[in-house]
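The following explanation is intended to be read alongside the sequence and the coordinates. Please keep both in view while following the text.

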Amino acid sequence: MTTIAELPPGFADKVLSAQSTFRSVMDAMARPGSVQRIVPMAGAPDTMMRGTAAIALTLFDHDTPLWLDARMAESSDVTKWLKFHTGAPVVQDSSIASFALVSDGGALPSLESFALGTSEYPDRSTTVIIQVDSLSSGRSFELRGPGIDGIATLQASIKPFDLFERLRMNEALFPRGIDVVLVADDAVVAIPRTTRVVSKGS
Amino acid sequence: MNAPAYNFAYLDEQTKRMIRRAILKAIAIPGYQVPFASREMPMPYGWGTGGVQVTAAILGPADVLKVIDQGSDDTTNAISIRKFFAKTAGVATTTATDEATVIQTRHRIPETALRAHQVLVYQVPIPEPLRFLEPRETETRRMHALAEYGLMHVKLYEDIARFGHIATAYAYPVKVNARYVMDPSPTPKFDNPKMDNCPALQLFGAGREKRIYAIPPYTQVVSLDFEDHPFEPYRFNAPCALCGAENSYLDEIVTDDKGGRMFVCSDTDYCEGRQAAGHHGSLSAAPYKEKAQEAANG
């Protein structure tokens, strides 16, 4: 039983740490495939990477319903930490979540189960944050789309292995769709719904 | 009790989170207007409250801020907003385009090409390009959902039928990433080509209308036109009277009551930079000539 006093801390400087983290995420979203670093340190409960924790402290609050994957939801440290530091309500129904936190990518549910937005309000969609093994080594993916000058190459070790195949549904859905943020420790890469994979190496 | 009672960059953290989430969705859906809970700011609507809120949400202590109003760093609006952030966020400010990391603008895009580490924040009065054609928000929203932009082409066609050319000179509608028709804010259409494939991130904030939208870097931005009436940027056919520039956007300044006028660069930083580099026009200000002479005399 962890008491609140024993929970890992939030940002030392709430204001400037959130600003710095946001700029990393904004740059990641504006330049899909580019690896951005999250500099500010915050405590992170067990299954949560420090990058994920910083993003949570930066973007989550009482206005953002959260969906947690089984591994996150099982950890009472994670749920307590999120509740104490962000106040974001955790929901069981992933189709109403503003954000989804996924630590076990292999068990990622069908992307259709998340909010895809509507044609009138495509912004009302879930941002899926997936913790991955590496954003510097592994298979290489060639990406194109808005934010990318020509082609961006991402080297990453990602679960689920077929994530980019699954994200192809964004092509037909646009402007509805799923935006994905990949986190590996302090590294972050965003794959907004406009990004397309041109080819995959091994 | 003289400690500043404001948070860093004025806005409270909850508001910043809300705006930041809107910015991320705006970037993910280029050209789509994301509704946001715009706050009252300590300046009137129409003075850039949307741009100010976007700037406040992204600004950090390491940023260097430039604010322009119709290209000028020295007008009331630009000075007020620059001082506002110097005071509430303590950030460094500049008038030099290439030194700035965040540039807030009203109605111009700087002449100096923007670079990848810069963010351009536009102040937007009416974000909905279809608003003057269809006043109902429910209808314009449906039109965007269906990508039904026939009405806008009819409007441009009516320009041609009436005037023989597309008479829209500012806030000239663009299509972003081949999907959303977007209002570029009341920039002169001269600036439209600069938005296309721009290395910098472009963010748009409309405070009164409560919308945020974005153009990610390296994104296709096409000015709407017709095959037989292609888009053409407009510029007065004259060199700048101060720096002699032949390719910058010009303001027309009336100099007397006898029809006298001069044309000068609207972008003051660009114009001053050129004058300092020795370029001059027909009415160059004396101090630059003196400086040039001093330099020549060693």
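The model is a predicted one. Chain A contains six helices and nine strands. Its C-alpha trace spans about 50 × 30 × 30 Å along the principal axes. For 202 residues, a compact globule would have a radius of gyration near 17 Å, and the 16 Å of chain A agrees with this. Of the 202 residues in chain A, 51% are buried. Among contacts between residues at least 6 apart in the sequence of chain A, 70% join residues at least 24 apart.

Within chain A, six strands form an open sheet in the order 1-8-7-4-3-2, with mixed pairing. Strand 1 (36–37) and strand 2 (66–68) of chain A stand at the edges; each has a single partner strand, so one side of each is left without a neighbour in the sheet. Strand 7 (residues 179–184) and strand 8 (residues 187–191) of chain A pair in the antiparallel sense, over five bridges. In this part of the sheet, A:Ala184 stands opposite A:Ala187 of strand 8 of chain A.

A:Thr86 lies in the loop between helix 4 (76–85) and strand 3 (99–102) of chain A. Is A:Thr86 buried or exposed? A:Thr86 has 20 other C-beta atoms within 10 Å, and a residue counts as buried at 20 or more, so A:Thr86 is buried. Leaving aside residues up to four places away in sequence, A:Thr86 touches A:Ala56, A:Leu57, A:Phe60 and A:Asp61. The C-alpha atoms of A:Thr86 and A:Leu59 are separated by 8.6 Å, although the two residues are 27 residues apart along the chain.

Attention now turns to the two chains together. In all, 29 residues of chain A are in contact with 30 residues of chain B. On the side of chain A that touches chain B, the largest share, 12 residues, comes from helix 1 (residues 14–30) of chain A. That side of chain A comprises, by class, 14 nonpolar, five polar and 10 charged residues.

In chain B, the axes of helix 1 (residues 13–28) and helix 2 (residues 49–58) come within 9 Å and cross at roughly 100 degrees. Helix 1 of chain B is therefore roughly perpendicular to helix 2 of chain B. B:Lys16, B:Ile19, B:Arg20 and B:Ile23 of helix 1 make the contact with B:Gln53, B:Val54, B:Ala56 and B:Ala57 of helix 2. By class, this contact between the two helices of chain B has five nonpolar, one polar and two charged residues.

Conventions:
Residues are numbered from 1 along each chain as its sequence is written. Chains are lettered from A and ligands numbered from 1 in the order in which they are written. This is a predicted model: local features need pLDDT of at least 70, side-chain atom pairs count only at pLDDT 80 or more; totals for chains, interfaces and linings use all residues. Axes are lines fitted to C-alpha atoms, for helices over the stretch in contact, and angles run from 0 to 180 degrees between N-to-C directions. Helices (H or I, at least four residues) and strands (E, at least two) are DSSP runs, numbered from the N terminus. Angles under 35 degrees count as roughly parallel, over 145 as roughly antiparallel, 65 to 115 as roughly perpendicular and the rest as oblique. Two residues are in contact if their C-beta atoms, placed from the backbone, lie within 7 Å. Ala, Val, Leu, Ile, Met, Phe, Trp, Tyr, Cys and Pro count as nonpolar, Asp, Glu, Lys and Arg as charged, and the others, Gly among them, as polar. A residue is buried if 20 or more other C-beta atoms lie within 10 Å of its own, exposed if 12 or fewer, and partly exposed in between; C-beta atoms are placed from the backbone. Two strands pair if DSSP finds at least two bridges between them. The radius of gyration is taken over C-alpha atoms; the globule rule is 2.2 Å times the number of residues to the power 0.38.
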